[in-house]
Amino acid sequence: MAADMARSLTFLLNVPETPEDQGPEPSPYDESEMHDSFHQLIQEQSLWAAEEGLELQQLGSGASGSDHQALLGPEGTLAHSSATLRILASMPSRTIGRSRGAIISQYYNRTVRLRRRTSRPQLGHLGRSARPSLRLYDLELDSTALEEEEKRVLLVKELQGLTVAQRDHMLRAMPLSLAEKRCLREETRTPRGRQGRRGLPSCCNRFRYACVLALHDLGLGLLSVLQVLTPWRYALKQIGGQFGSSVLSYFLFLKTLLAFNALLLLPLLAFIVGVQAAFPPPPLGPVPNFTGLELLTGAGRFTDTVMYYGYYSNATLNQLCAAPLDGGQCTPEASSLPYNMPLAYLFTVGVAFFVTCITLVYSMSHSFGESYRVGSTSGAHAITVFCSWDHKVTQKWASRLQHDNIRTRLKELLAEWRLRRAPSSVCGRMRQLAVLGLVWLLCLAVTLGSTVAVYTFSEFMIKSPESTEREGALLALPLVVCLLNLVAPYLYRGLAALEWHDSPVLEVYVAICRNLILKMVILGILCYHWLGRRVGAVKDQCWENFVGQELYRFLVMDFSFTLLDTLFGELVWRLISEKLRRGKPEFDIARNVLELIYGQTLTWLGVLFSPLLPALQIIKLVLLFYVKKMSLTANCQAPRRPWLASQMNTVFISLLCFPSFLGAAIFLCYAIWQVKPSSLCGPFRTLDTMYEAGKVWVRRLEKAGPRVSWLPWIHRNLVENTFPIYLVSALLLAMIYLNIQVVKGQRKVICLLKEQISNEGEDKIFLINKLRSVYERKEKSRIGRTHEDATSPAVLTDDRDT
């Protein structure tokens, strides 16, 4: 009896056979039809269970109904009996993925649907065997090898009907071992190979397959080489593993800025700098000697070079003018040669800015799509634990780096989860808001003082006659601005120590807002200083060259102060922090990111006046990456409160696009359309505005003949006319609105699907309760019959004795 009680259960699901079961194999269906078919099948099985019962043979202990616990609802505690666990283990969701026969059957059905996609019969005209049957998924726990072999043969036949690409894709997706996949591949290739080798010798086929494999290996090798050539690939992984995604976002943003500057520099080198260097204009005077101070001021020897706007010619470049005007310079109307330098200068800068704008918008939309996904992240912890490890890693240093990345990722996910569950009181919130408001008032006072200081000093520099005569005095305004940009963020950081934010992400965002306000206000004052005050003050000089040199000085001084602060400031801050026994300080993401945005804004502002300024910015970013990485590993530690920076790159790109790039574009548009160019230098010296170079070109095209009449029409209707601009803006806004509505619709559908999944779970619990009640009734009736059979002979014996 004890041995019988130790035996396991056997669960048999009786599916009656009908004459229609001898019909053809199943054909493909739509998702909805398959769902309806499974729904009908579940109803049929429920009717059979209710009418005939389920033959559940229990040969273990606890046969009485009192030994079983009731199955509670979804809000209660689930206490399953052995019979219920047996039923749960036999469900398709529990068997598929565990049984090799179930996998083969599942992928056989997928292959059938893929090969016969065009034929879609109605579900009602199909027999029972043509419907998605639970028997096809190997629901029986005691599946025989014969059934598995039949499914395997069917799968091979269906795979042979697919193309090579579809077959390979299907085989790769199967969760089988490599040996099983190789066997299936050989079995599917053999008939097709025999059929396709008619009239071809075997050596030709081997040579063809060898060539295909060689090309495939070559492509994989090229991809691996491209991954190795990716700049700073290992360094970025090392930073992410040690300091987390928050610090890594700064270096990724620096890499993005490097790509933007390279994209901006290429057309400028090809169509402006390279062409003018190939056809240099005659020198206007003696070339000054190189003193070394030019590296800081940008003046002196660098003035009459391709570095600045004033060096470029105002005529075409392939031949000299017949009648030189204005001291040997040509007017745009004086020559009719193919390469018009003023037009090339204007259109190249415009096209470069337009390409940069498109790239920025695309990067921002792509970053939004990556950061603000529609689905939820509730399963991110399980995905990180079970799916993050790369099993192709064999080297020890690579495995250690991957281990650090996964550990830091888990810390960030757990910190974000704790933050969402942390309670907060009303009094604490009010106290926090009061301190936050006070700190904001002090920070705005610091910003206002810095703005007044910059404006006052810039006015003093304009009124001082010695400010433009001595090269050393030219560094005064950049020096004052860089000092304010260096000191003010430290004041913000000290004031931020008084407040407390629940989220470290919110703390970084607040610091970014304060630094952004400071940078943008100072840049606004400087733009007014250059285009509003300097244009009228510099009368006997080339004011475009002065603005270009001023932006060069600002960029060089900003880089110099950044290096000093990184090499010495962070070192002193680390020594002070260690002396106070607080450990190494954390990396200030807000200040460093705003320094990058500030430098990139200076570069965009100076492209029109100094075409080689993006090259200087590229050199600065490359050096800054290595200096910041060295200082990070030596002077900083990982954040004490880990946090997930999944949306930081999106915020950085958005700040780069809207305040920075948009402000630079407005500045350049105002300089091109409104400000009168200098009459002493540059490609637009004889024009009232830079934009008139396009009008002069259109007038010359109108006189050239009817063959190029379409170009003036394009300029007149697409460039000068404002309707296309409004139309494109309206279409862009419409696309943005439609995209927002699509995202909202997807979120609504996801909410409905989640609700449906919850209802399906409740339905499963309800069906399991019903099945269990049927089993208990059958068990009680069986026990009652056994008891009656046991007691009936004794009753008969008593009657006979009587």
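## Disulfide

One disulfide (a pair of cysteine sulfur atoms within 2.5 Å) turns up in a search of the whole structure. The model is predicted: local features need pLDDT of at least 70 and side-chain atom pairs count only at pLDDT 80 or more, while totals for chains, interfaces and linings use all residues. Residues are numbered from 1 along each chain as its sequence is written, and side-chain values use heavy atoms, with hydrogens and water left out.

The disulfide is formed by C542 and C681, with 1.7 Å between their sulfur atoms. The torsion about its S-S bond is about 75°, so the disulfide is right-handed. It links distant parts of the chain, 139 residues apart: C542 sits in the loop between α17 (504–537) and α18 (543–579), and C681 in the loop between α21 (648–673) and α22. Helices here are DSSP runs of H or I with at least four residues, strands are runs of E with at least two, and both are numbered from the N terminus.

## Buried cysteines and a buried lysine

C542 and C681 are both buried; buried means under 20% relative accessible area, exposed over 50%, and partly exposed in between (1.4 Å probe, protein chains only). C482 is buried at a relative accessible area of 4%, and C636 is buried at 7%.

K620, in helix α20 (residues 613–635), is buried too, with 6% relative accessibility. Leaving out residues up to four places away in sequence, K620 touches L555, D558, F559 and G599. Contact means heavy atoms within 4.5 Å.

## Helices α22 and α23

The axes of α22 (residues 692–704) and α23 (residues 710–719) come within 8 Å and cross at roughly 145°. Axes are lines fitted to C-alpha atoms, for helices over the stretch in contact, and angles run from 0 to 180 degrees between N-to-C directions.

On the α22 side the contact is made by G694, W697, V698, L701 and E702; on the α23 side, by L711, P712, H715 and R716. These residues divide into 5 nonpolar, 2 polar and 2 charged. Ala, Val, Leu, Ile, Met, Phe, Trp, Tyr, Cys and Pro count as nonpolar, Asp, Glu, Lys and Arg as charged, and the others, Gly among them, as polar.

## Annotated transmembrane regions

An unreviewed UniProt entry annotates several spans as "transmembrane region", including 433–455 and 648–673. Its positions are given in the numbering used here, feature names are shortened, and annotations may be inferred rather than shown by experiment.

Residues 433–455 are 100% helix and 0% strand, with end C-alpha atoms 33 Å apart. Residues 648–673 are also 100% helix and 0% strand, and their end C-alpha atoms lie 36 Å apart.
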